[in-house]
Amino acid sequence: MNNSVSNTARLLGAGLRALLVLTLVTGVLYPLVVTGVAQALFHDKANGSEVKADGRVVGSSLIGQAYNLPLKKGQETPEPDLKWFQGRPQNGLGTNSVNTQYKLILSGATNRSGDNEELVQWVKDAKAAVVKDNSTGAYKVKPSQVPADAVTSSGSGLDPNISPQYADIQVHRVAEKNGLSPDQVRKLVDEHTEGRTLGFMGEPRVNVLELNIALKELVAKS
C-alpha cells in the first residue's frame, strides 16, 4: 500500500515537473525569443507595418483606407474625396458595430461569380464613375484606359495598393484639385511605384496611403 502511494506520488511529481518545464519553455522562453528576434530583425513588420505622418501613426501599409467626404444629411453612401488618390472598391466589406469609425476592420470578398448580374452592374457603374471623376477640362479618361483594379475589390477588400495604370489616370484630377501640375503629381506616382517582388513575383503596385501622405506634404510645400 505504502509503495503504491509512493509510486503515485513520484509519478505526480514527475508529471508536475514536466508540466512546469514545458510551460516555461513553450509558454515563456519560446515566445520571448521569437518576439525578441522579430523586434530585432523585423521591427517594422512585427509591429503591423505602421505608417507614420506628422509624428503619429496614420495606418498600416498592409491595409487599405477609404478617402471619402463626410456623409451629407440623408446620404447613405459617402462620396469620394477627389483631392486624394482613390484605392480599389470595397464591395466585399460588411458593416460592424465594433469600430464604426474605421469600417475596414471587416474584410471579405463579394463572393459573386463573374456573370452575376449585380456584380456586372457594380463593375459598369464603377467604370463610369472612374471615367467621370478622373476626366478634367484638359484630360479625358477613356473607358479602355480603366484597369481591372479600379472597378473590382480584392479578395479581402483591404488591398492597400493600386496598379500604376490606375494611379496614372488619377494624376490630372489630383493635380487639378490640389493646384499642382500633372508633372509634379506624376513624379510622386513614379517615386511610389514598387516593382515585382524579387523581380518576378506579383505585379507593379502603388501604395495609396503612402502616396497620399507624399501628396499632402507636396501640397503643404507648394
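pLDDT is the predictor's confidence in each residue, on a scale from 0 to 100. That is a handy place to start, since this is a predicted model.

**Confidence along the chain**

The chain has a mean pLDDT of 86, with 91% of its residues at 70 or more. Among its elements, helix H4 (residues 164–178) has the highest mean pLDDT, 97, while helix H2 (residues 43–46) has the lowest, 74. Over residues 98–102 the pLDDT is below 50, and this stretch has 6 contacts in the model beyond near neighbours in sequence. Where pLDDT is low, the predicted coordinates should not be read in detail.

**Strands and their partners**

| Strand pair | Bridges | Example partners |
|---|---|---|
| E1 (residues 50–53) and E2 | 4 bridges | Val51 and Gly59 |
| E3 and E5 (residues 205–207) | 2 bridges | Asn161 and Asn207 |

E1 and E2 make a hairpin, with 2 residues between the strands. In the turn, Asp54 has a positive phi of about 55°.

Further along, 3 strands build an open sheet in the order E3-E5-E4, with antiparallel pairing. Strand E3 (161–162) and strand E4 (193–194) are the edge strands, and each pairs on one side only. Helix H6 lies across E3 and E5, and runs at about 60° to E5.

**The second largest pocket**

Which elements give two or more residues to the lining of the second largest pocket? H6 gives the most, with 4 residues.

The pocket holds about 280 Å³ of space. By class, the lining has 6 nonpolar, 2 polar and 3 charged residues.

How values were computed
Residues numbered from 1 in each chain as written. Predicted model: local features only at pLDDT ≥ 70, side-chain atom pairs only at ≥ 80, totals over all residues. Heavy atoms only, no water. 1 Å grid on protein atoms, 1.4 Å probe; cavity = no way out; pocket = protein on both sides within 12 Å on 5 of 7 lines; lining within 4 Å. Points joined across faces, edges and corners; volume = space filled by probe spheres on them. Nonpolar A, V, L, I, M, F, W, Y, C, P; charged D, E, K, R; others polar. Pairing = 2+ DSSP bridges. Contact = heavy atoms within 4.5 Å. Axes fitted to C-alpha atoms, helices over the stretch in contact; angles between N-to-C directions.
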